[in-house]
Amino acid sequence: MTGEAGWVLLAHYHEVALKGRNRAVFEGALLSNLSRALQGTRAGRPQLLARRILVPLGPPETGLANPPAGTDLVLQRASRVFGLAWFAPALRVPADPEAISEAAVALARASPAASFAVRAKRAEPQFPLGGQALNERVGKDVKEATGKRVNLSSPELTIWVEALARTALVHSARLPGPGGLPVGVSGKVLALLSGGIDSPVAAWRMMRRGARVVLVHFHGEPYTDRSSRQQALDCARVLASWGLGGRLWLVPIGDLQREVVLAGPEGLRVVLYRRFMLRIAARLARTEGALALVTGDSLGQVASQTLENLAVVEEASDLPVFRPNIGRDKLEIVEEARVLGTLEISTRPVQDCCTLFVPRRPATRASLEEVKRVEARLEVDALVDKALAGAELVELASPEP
Ligand code: ATP
Ligand code: MG
């Protein structure tokens, strides 16, 4: 029997939100994203079988219970594929109760657990036994072969069985996926990435809803050093590992900031800087085919994030501005930055452009009229053009070659 068993990556997605034609689009994108994420690993081509995904990993190597070498890398890559609800390395065996028991016994033997439960499901009606009958049969076989206790309420080891018409999947190590929708199914947005804690999380949340996210970072060079550029680049690399690659625009705004300083009252500087950022970002969004901008703002977190200031800033953009963090507490955002993998990068001390010519007391309620009076003294379009003329583009590969 062992000769017919093979290891696969078994991956599931949530179906609740998928209706009609959406399902095919979702499944197609998920298969192609997963296949891309697994490039360079030992995994074969992902295929769809009865509303689940199977990716061949190879035959068992040292005994039935051990996944082939290289499986860890596959699991690590899969954990960053949006759209997956959960996944597991699984033994794929013929749709036959005896073969299922043999696999279950092998997994149980390999585990130090003293108690176990079998959770079997008949996922296609052609399989000869129902879920409960299969639970009982496989449970009895595992108990007899290993001497482990059955414990249905809090087992140390759970052995899951999915019985399909022509194949069965047996696994005991389920991992949570990141959920959401496959990157690409929701179109494209442009996210303003400061390198701080909040904006990478905002970009990531949009990715998780299926958006392809292009990034832009504004820096104050040559008035600042290159540390903020490096921080943004490192954050962008992490984001690219979730987004199947990406693009980062680096735009110099130091000169523009100097003009702002000369033109108006200190208290309005930050709001004016932000309005310029949105204008420049909106221009880049057009060339990228992105339909909205994304920022990391959270209501009331700092002076520039009062309702008044958010509204005055947003007025400068002719595209919708999304703020996935707007109603979230700092601690929640920090926790998500940890999960996403940018927290450590974002807490490095850097010289960012916002510390450049920063006012001692920023206005918490900028008035749009006053802001517009100051802008009337500036050559807004020319400043935007000049910043864009200095823009650099970095292409980010994922997986890293
Ligand atoms: P973050 O943690 O993302 O830096 P923050 O709490 O420091 O945000 P602000 O400095 O007010 O808040 O910035 C608000 C948002 O404006 C950021 O989340 C980001 O989207 C955008 N932003 C600010 N500075 C930059 C920058 N230098 N480059 C790109 N976007 C920026
Ligand atoms: Mg910041």
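The model is predicted, and the features below are read from its computed geometry.

Leu 299 has a relative accessible area of 45%.

## A cis peptide bond

The peptide bond between Glu 221 and Pro 222 is cis, with an omega of about 5°. Pro 222 belongs to the loop between β11 (212-219) and α6 (227-243).

## Positive phi at Ala 50

Ala 50 is not a glycine, yet its phi is positive, at about 50°. This residue is placed in the loop between β2 (47-49) and β3 (52-58). With a relative accessibility of 28%, Ala 50 is partly exposed.

## Positive phi at Leu 244

Leu 244, which is not a glycine either, has a positive phi of about 60°. The loop that holds Leu 244 lies between α6 and β12 (246-252).

Is Leu 244 buried or exposed? Its relative accessible area is 10%. The cut-off for a buried residue is under 20%, so Leu 244 is buried.

Definitions and conventions
Residues numbered from 1 in each chain as written. Chains lettered and ligands numbered in written order. Predicted model: local features only at pLDDT ≥ 70, side-chain atom pairs only at ≥ 80, totals over all residues. Heavy atoms only, no water. Buried < 20%, exposed > 50% of the residue type's maximum accessible area, 1.4 Å probe, protein only. Helix = DSSP H or I, 4+ residues; strand = E, 2+ residues; numbered from the N terminus.
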